[in-house]
Structure formats: C-alpha cells, structure tokens
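This briefing goes through one protein chain, topic by topic. Keep the sequence and the structure in view while reading.

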Amino acid sequence: MNITGENMDTRMSIKEIALKLQEITNPHDDFFIQCQQDERKGVINLVKKWERSFEKEQQLKQHFITMSQYERELRKQGVALIAGIDEVGRGPLAGPVVASAVMLPETFYLPGLNDSKKIPEIKRELFYETIMQEAIAVGIGIVDNEEIDAINIYQATKKAMITAISELREQPDHLLIDAMELEVDIPQYSIIKGDAKSISISAASIIAKVTRDRMMKEYAKQYPEYGFEHNMGYGTSVHLEALSRYGLTPWHRKSFSPIKEMIHRG
C-alpha cells in the first residue's frame, strides 16, 4: 500500500511524507498508521526514524516526571515556592565557587533536564536561557578564591548558597539542596546527587555552571596559557604545566594542593 495525495490519484513523495511526519505527535494518528502500511523503503525508514524519536521523547518525558517527584510531593503538602540550590566549582584549583537558587513554576517543562555536567555545552546554554526566562526567581552567589582560602571550600560553598537564596526576589517556602544543609530559617531537604533527582536542583546546577564557565572563559582571555576556557580551573596537564612554568594567576587557590606545596617550596 502507498499513501496517496489529496487527489487520490497521485502518491505523496518521500519528501512530502517526511514534512508531514514532523507535525505528527501521536503514534495512533491516521496518517502515521497509513505510513506504517506504505511499502516504499524510504517511507519505512521515515517511520522507523519517527518511532525512535518518539521513544526518546517519551523517555525524556518520563525522566522529567521522575525528577519532579520532590516538587510534586511538596506541592501536595501546600508548599508553593520551592527553591532548588546547587553549586559548581568546589574542586578546581582556580576560580570562584558559584551557587544558584532557582524557583520554577508548577507548569515548567524542560525535557532533558539533568545534572549540568551530563548536558553538552550547547544544550546547557539553551537550557540556561529557558530557565532564566521561565523561572519565578533566580539567585546567584559567588565566593572568590581569596575568600575560599580564608574560610575553606566547605564554608565558602555554604556562603555562596546562602547568598544565592538571599538574591531571590521572593522568599521560598522550602529548599531542595544538593547534598548540603544550610543554617537558614527555611524548611529544607538535602538530597544526595540532587542535581540528577530534582528538576529545581538541576536547574540551579545549570545556572551555576554556565555562570561560572563564562567567568573562567573571561579569565582565559587574560591568561591564555592555563587553558581556563577548557579546564574551568581544574588541574589538567595543560593547567599544571602552565602553573609550573608561569606561576600563579590572581584566581588560583593558594590553600589547594599542589599550589600550597609550590608556595612553600618557593
């Protein structure tokens, strides 16, 4: 069987079918069922491609629903404003630690949302823009390398998170935090690997990472030898070689190994 055009005496071309399939969202659609019955190899391939795409979309949708479980449960309890909180930059040898707090509307839907480190950079930038446009509120907290050295990375991370919360234009009713507990007068859940389990924390991880990555790329323009635009301050071989050859930049953490050993040797 071959799909006919509107005049019923001409077959739709493969190109025409491909264009029409882009509009189909339901596997039970009459047109799609006709496509499944078409014997042309080109149409068979189009059907298989559509089915793979549909299956992937369903998987992403189901994953998003699973990641919304904490938010759904809190809303059942009458909690309206939920802030997800996450940070990036605890491990690097250079640069700040950056935290973000994000409050999403109940209707928010962004399939593919996940731990920011698992999302390719181009998609992460697109997600960043979507979150910034659709979030109820976004707060960002930044603690630089000098303060990290002064109070230690753990305390600096907590300070960045608390600052991010204070930057929200509305006070949240409840916090969902990635693997931390904060001394604030707001009810909270600490979720291990929360950036892969909660859409609010995941959104916060994306905002924090894109913010920090952009900062490191700016630093790279002033100190190109260290490869900050690629390693984001982590101790890669290029970074360590530059440290050995050129010494410290203003953004290096002097309390972190191997930098503190280099300073003592010097």
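Where is the place of Met232? Met232 sits in the loop between α9 (228–231) and α10. The model is a predicted one, and the points below start with the whole chain before turning to single residues and pairs.

**The chain as a whole**

- The protein chain contains 11 helices and five strands.
- Its radius of gyration is 24 Å, whereas the globule rule gives 18 Å for 266 residues; the value is well over the rule, so the chain is more spread out than a compact globule.
- Along the principal axes, the C-alpha atoms of the protein chain fill a box of roughly 85 × 50 × 25 Å.
- Of the 266 residues of the protein chain, 44% count as buried.
- The protein chain exposes about 14500 Å², and 51% of this area is supplied by carbon and sulfur atoms.
- Taking contacts between residues at least 6 apart in sequence, 64% join residues that are at least 24 apart.
- The protein chain carries 33 positive and 39 negative charges, and the mean positions of the two sets are 5 Å apart.

- Side chains of opposite charge can pair when their charged atoms come close.
- The count for this model comes to 12 salt bridges.
- One of them joins Glu125 and Arg214, with 2.7 Å between the closest N and O atoms.
- Glu125 is in helix α5 (residues 121–134) and Arg214 is in helix α8 (residues 199–222), so this pair ties together parts that are 89 residues apart in sequence.
- Glu125 counts as partly exposed because its relative accessibility is 23%, which falls between the limits of 20% and 50%.
- Arg214 is also in a salt bridge with Glu129, where the closest N and O atoms are 3.6 Å apart.
- This second pair again links distant parts of the chain, with Arg214 in helix α8 and Glu129 in helix α5, 85 residues apart.
- Arg214 is partly exposed at a relative accessible area of 34%, and Glu129 is partly exposed at 36%.

**Other salt bridges**

- Glu183 forms a salt bridge with Lys158, and their closest N and O atoms are 3.0 Å apart.
- Glu183 is in the loop between β4 (174–178) and β5 (188–191), while Lys158 is in helix α7 (residues 153–166), so the pair ties together parts 25 residues apart in sequence.
- Glu183 is exposed, with a relative accessible area of 59%, whereas Lys158 counts as buried at 8% relative accessibility.
- A network of salt bridges links Asp115, Lys117 and Asp195.

**Buried residues and their contacts**

- Thr157 belongs to helix α7 and is buried, with a relative accessible area of 0%.
- Apart from neighbours within four places in sequence, Thr157 is in contact with Glu87, Arg90, Val97 and Met180.
- Pro92 is in the loop between β1 (82–88) and β2 (97–103), and Pro92 is buried with a relative accessible area of 0%.
- When residues up to four places away in sequence are not counted, Pro92 touches Arg212, Met232, Gly233, Tyr234, Arg253 and Phe256.
- Pro92 and His230 are 138 residues apart in sequence, but their C-alpha atoms are 12 Å apart in space.

**Backbone details**

- Met232, one of the residues that Pro92 touches, has a positive phi near 55° and is a residue other than glycine.
- Met232 is buried, with a relative accessible area of 9%.
- Asn152 has a positive phi too, of about 85°, although it is not a glycine.
- Asn152 is in the loop between α6 (145–151) and α7, and Asn152 is partly exposed at a relative accessible area of 39%.
- Ser257 and Pro258 are joined by a cis peptide bond, with omega about 5°.
- Pro258 is placed in the loop between α10 (237–246) and α11 (259–265).

Note on methods
Residues are numbered from 1 along each chain as its sequence is written. This is a predicted model: local features need pLDDT of at least 70, side-chain atom pairs count only at pLDDT 80 or more; totals for chains, interfaces and linings use all residues. Side-chain values use heavy atoms; hydrogens and water are left out. A salt bridge is a side-chain nitrogen of Lys or Arg within 4 Å of a carboxyl oxygen of Asp or Glu. Helices (H or I, at least four residues) and strands (E, at least two) are DSSP runs, numbered from the N terminus. Buried means under 20% relative accessible area, exposed over 50%, partly exposed in between (1.4 Å probe, protein chains only). The radius of gyration is taken over C-alpha atoms; the globule rule is 2.2 Å times the number of residues to the power 0.38. Contact means heavy atoms within 4.5 Å. Accessible areas come from the Shrake-Rupley method with a 1.4 Å probe; for residues, only the protein chains shown count as cover. Lys and Arg count as positive and Asp and Glu as negative; His and the chain ends are not counted. The place of a charge is taken as NZ of Lys, CZ of Arg, CG of Asp or CD of Glu.
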